[in-house]
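Subject: Structure handover

Hello,

Here is the structure I promised to pass on. My notes follow below it.

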Amino acid sequence: MSTPDPQPPATGPQAADSLLAYAARTRAKANDLAAFLEDVAAHGVPGPEESTPWEVVRDRRLAELDAERGHVA
């Protein structure tokens with residue numbers, strides 16, 4: 001069984017806007033990561049008493065995703 005050919009890349013102003021938005025999101029994520037790494041380099045890894053448990057972060061993110069699901073058509 002063969003796989004379908006991939007769609008050709010979109011062209012035009014909408015494609016350029018979409019690509020620029022993706023680049024901006026990627027740059028923002030990279031800047032956040034760089035800032036975190038610089039903080040760790042300057043101050044060391046935070047201790048458990050200064051950190052948020054991963055369960056709390058996970059539950060918060062799952063709640064955000066659940067809230068977003070209501071907005072999808």
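Helices (H or I, at least four residues) and strands (E, at least two) are DSSP runs, numbered from the N terminus. On that basis the chain has 2 helices and 0 strands.

Two notes on sources. This is a predicted model: local features need pLDDT of at least 70, side-chain atom pairs count only at pLDDT 80 or more, and totals for chains, interfaces and linings use all residues. Residues are numbered from 1 along each chain as its sequence is written, and side-chain values use heavy atoms, with hydrogens and water left out.

**Surface and burial**

The chain's accessible surface is about 7000 Å². Carbon and sulfur atoms account for 61% of that surface. Areas come from the Shrake-Rupley method with a 1.4 Å probe; for residues, only the protein chains shown count as cover. I call a residue buried under 20% relative accessible area, exposed over 50%, and partly exposed in between (1.4 Å probe, protein chains only). Of the 73 residues in the chain, 1% are buried.

**Helix H1**

H1 covers residues 13–43, and Phe36 lies in it. The expected span of a helix is 1.5 Å times one less than its number of residues. For the 31 residues of H1 that gives 45 Å, and the end C-alpha atoms are 45 Å apart, so the two agree. Just after H1, Gly44 has a positive phi of about 80 degrees.

Phe36 also belongs to a nonpolar surface patch, with Leu33 and Leu37. Together the three have about 310 Å² of accessible area. Patches take residues with over 30% relative accessible area and no salt bridge; like charges are joined within 9 Å, nonpolar side chains (Val, Leu, Ile, Met, Phe, Trp, Tyr) within 5 Å.

**Salt bridges**

How many salt bridges are there in the whole structure? The search finds 3. The criterion is a side-chain nitrogen of Lys or Arg within 4 Å of a carboxyl oxygen of Asp or Glu. Side chains of opposite charge can pair when their charged atoms come close.

- Arg58 pairs with Asp59, with the closest N and O atoms 3.1 Å apart. Arg58 is partly exposed at 36% relative accessible area. Asp59 is partly exposed too, at 41%.
- Arg61 pairs with Glu64 at 3.1 Å, N to O. They sit 3 residues apart in helix H2 (residues 54–69), so about one helical turn separates them. Arg61 is partly exposed at 40%, and Glu64 is partly exposed at 38%.
- Arg69 pairs with Asp66, with the closest N and O atoms 3.7 Å apart. Both lie in H2, 3 residues apart, about one turn of the helix. Arg69 is exposed at 62%, whereas Asp66 is partly exposed at 48%.

An α-helix has 3.6 residues a turn, so residues three or four places apart point the same way.

Glu55 lies in H2. Its relative accessibility is 33%, so Glu55 counts as partly exposed. The side chains of Glu55 and Trp54 are joined by a polar contact of 3.2 Å. That term means a pair of N or O atoms within 3.5 Å; within protein, one must be able to donate a hydrogen and the other to accept it, and residues adjacent in sequence count only if both atoms are side-chain atoms.

Best regards
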